[in-house]
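Good morning, everyone. Please have the sequence and the model open.

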Amino acid sequence: MATLIKERRIVADSWHLLERGPKGELPEVPARGDVVVPLALWLERRDGLLSRAEKGTLGVWLDANDGPEALAADVRSFPLIAVNFPKFGDGRGYSIARLLRERYGFKGELRAIGDVLHDHLFFMYQCGFDAFALREDQDPQEALSAFNTFSDGYQTSVLRPVPLFRRRLAAGKS
Amino acid sequence: MYRYDEIDQKLVDERVVQFRDQTKRFLAGKLSEDEFRALRLRNGLYIQRYAPMLRIAIPYGLLSTKQLRKLAQITDKYDRGYGHFSTRQNLQLNWPKLERVPDILAELATVQMHAIQTSGNSFRNITTDHFAGVAQDEIVDSFVWCEIIRQWSTFHPEFSYLPRKFKFAVNGAKSDRAAVAVHDIGLHAVKDEKGEVGFRVLVGGGLGRTPAIGFVIRDFLPWRHLLTYIEAILRVYNRYGRRDNIHKARIKILVKERGPEKFREEVDAEWAHLKDGAATLVPEEIARIEGRFTRPNYLRLPATDARFEAALATDRAFANWHKRNVHPHKKAGYAAVTLSLKKTGVPPGDVTVEQMEKIADLADRYSFGELRVSHEQNLIFADVQLSDLHLLWQDVRALGFATPNVGLLTNIICCPGGDFCSLANAKSIPVAEAIQQRFDDLDYLHDIGEIDVNISGCMNACGHHHVGHIGILGVDKSGEEWYQIEIGGNQGEIRPGRGASLGKVIGPSFARAEVPDVIEKLIECYLARRDSEAERFIDVVHRVGAEPFKESVYGNADQRAAHRRGQLASA
């Protein structure tokens, strides 16, 4: 099991990620436990699963080519949404995270899964991820330092919705 | 120069710490080769043919003499005594040691410099007109807008892992000297009828193996919306740009696959959510950025200078240099000067440590301690008094930078090529040199007039061959170096009425030794057909078409067909 960092601390993880089978078939959903289901499964069986999501024991995960638009109506039902990074250089998940937070108002746990490396954590955090399932080979203690990489950022982000230029002006700096 | 505030400085310092840690983890075996590659590239560090290559950012090409002296020091201490100014207005060092790169970055940070996002799949150094702020046809000072976009694009949390590299150019004058149509995004400043500043926004241009001219996604984007609109474009690209094939990953391919209209609709739909949000620019921010630029303390001077006029009238060599390498200035009594890094026998763009130091001294003496790097790989002193020109010329000539060839055939844009670069299919520097040697007669050069000759050693097109009036591309044919010739390319609307265009290949490629002959035939063909000296090579190509040029090189259509039959028969 990969190490989980949540809110900048190493924590135990109760969630079980369900993946498609080897032929692409959708997984069975076990009757108990905290499960994260693929988006396609959610879309197919939404009505049957909704109460479980609302009880806080079912989350959904998006792959990099999935659109967060598909969850727009349901986003507040989920305790957890995970976004997969299939390769460390694939940056689509950063946009997905911002859309989930900024456009659709998701307030639950937003978890990065897949190729999640030390050197990604800072930007992922800025984009609204608050949980990180580190790839197994990563050193979690070292990775914690990544959150302090930069003390500020120029742009708007989930973490800093007001861009630096407005904060500079407000502080009267020039 | 834009002067950092404490936050700008802190971010650059923090980058040094970050990269030092990444290098340490790589050397300790905690970061794989592949993963470190992605990280070092966004710090400008390549592993090249013989050694690493470090690309140092010179944001929008603007450099202070303090910075240039630091670059000289670094080049001396960590490299082999010379650097290479690139077509992205950056400086490349070809021999630094990997483990010392963090130290180099730390030294750069002391003079407000860095290597952030100079390569990799990231938002690259922004380029602009090398006459920004001094051009007579200025609409806005593009440096200010470049700096605003530099800040926005630096460490952008959402757009740091784009499908592919992303090149951005800003032009702030009437003439397009920034080649905005061949960038992923190009901005051309315009004013509307009320005098409000905005930008014509072009998307999807680029060179490389699939060259394309950008399309105008917006005719007039009011300046306040600049950042939110760019954000919308980048978000559409980041989400939908192809990631399955590195050769199809640039935004130009997405634009092509979607179609420009559909692409525009998608951007507009995204922008509808972002428009008027917190990233909307305000006049106070523009003023703040403007205020952080140092400005030359110009004297009030008459429009002419008697000593200068006398030197022009009596010193022919000076007059030749003035004709090509001195450019008009918006302030009376001043001129901008190009130091040509295109002397025959010296690789285009290369400068030694001693030369860097001497150039810094001259810029202090003659041009308010600042200089610019042009995308044509020359250096610019932007603010020289007319009364100093004759003295400056003598000093510059002593350094070997007074070749009076700006805009002429020997002012060749050339990538480092197979002598240095591991991507290259063929050498490019010796080709440039052979052409320069062939056309060493200055009177003949002036007679030929303005022409851009661009050379790339491979289809990645770092030498911008697609937009050379004559473009030369090194190709590999079963292990041998061959050269394809294109004509008809144009980097942008420098002269009214002749916009950006891509060159077309004239026919089968040539051995290296044949290239100067071919160029000579093309030039002769042009000279025989131009209707006056004012009609440039590129104008003639567009007026008469490529056929006469092909004929001059390969013979007429019948001769070419016979030749092909002969080749087929012998094959």
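Let's begin with contacts in chain A. Take the contacts with a separation of 6 or more: residues 24 or more positions apart account for 49% of them. Keep in mind that this is a predicted model.

Now, how is chain A built? Its secondary structure comes to 5 helices and 8 strands. Along the sequence, the pattern reads β-β-β-β-α-β-β-α-β-α-β-α-α. Along the principal axes, its C-alpha trace spans about 60 × 35 × 25 Å. Of the 174 residues in chain A, 40% are buried.

Next, the two chains together. How many residues of chain B are in contact with chain A? The count is 33 residues of chain B, against 33 residues of chain A. Which helix gives the most on the chain B side? That is α1(B), with 6 residues. Several helices of chain B supply at least two residues each: α1 (6-27), α2 (33-41), α5 (142-153), α6 and α9 (283-292). What kinds of residues make up this side of chain B? There are 11 nonpolar, 10 polar and 12 charged.

On to the core. In soluble globular proteins, nonpolar side chains tend to be buried together. Here, the largest nonpolar core has 209 residues. Which members touch the most others? They are A:F132, B:I233, B:F381 and B:L522. The largest share of this core comes from helix α6 of chain B, residues 226-240, with 9 residues. Helix α6 of chain B also supplies at least two residues to the side that touches chain A.

Look at B:F381 for a moment. Leave out residues up to four places away in sequence. Then B:F381 touches B:A336, B:V337, B:L339, B:A363, B:Y366, B:S367 and B:L371.

Last stop: strand β4 of chain B, residues 82-85. What does this strand pair with? One partner is strand β13 of chain B, residues 350-352, antiparallel over 3 bridges. Another is strand β5 of chain B, residues 91-93, antiparallel over 2 bridges. Find B:H84. In β5(B), the bridge partner of B:H84 is B:Q92. The hairpin of β4(B) and β5(B) has 5 residues between the strands, and B:Q89 takes a positive phi near 65° there.

That's my tour. Thank you.

Conventions
Residues are numbered from 1 along each chain as its sequence is written. Chains are lettered from A and ligands numbered from 1 in the order in which they are written. This is a predicted model: local features need pLDDT of at least 70, side-chain atom pairs count only at pLDDT 80 or more; totals for chains, interfaces and linings use all residues. A nonpolar core is a set of buried Ala, Val, Leu, Ile, Met, Phe, Trp, Tyr and Cys residues joined through C-beta atoms within 7 Å. A residue is buried if 20 or more other C-beta atoms lie within 10 Å of its own, exposed if 12 or fewer, and partly exposed in between; C-beta atoms are placed from the backbone. Helices (H or I, at least four residues) and strands (E, at least two) are DSSP runs, numbered from the N terminus. Two residues are in contact if their C-beta atoms, placed from the backbone, lie within 7 Å. Ala, Val, Leu, Ile, Met, Phe, Trp, Tyr, Cys and Pro count as nonpolar, Asp, Glu, Lys and Arg as charged, and the others, Gly among them, as polar. Two strands pair if DSSP finds at least two bridges between them.
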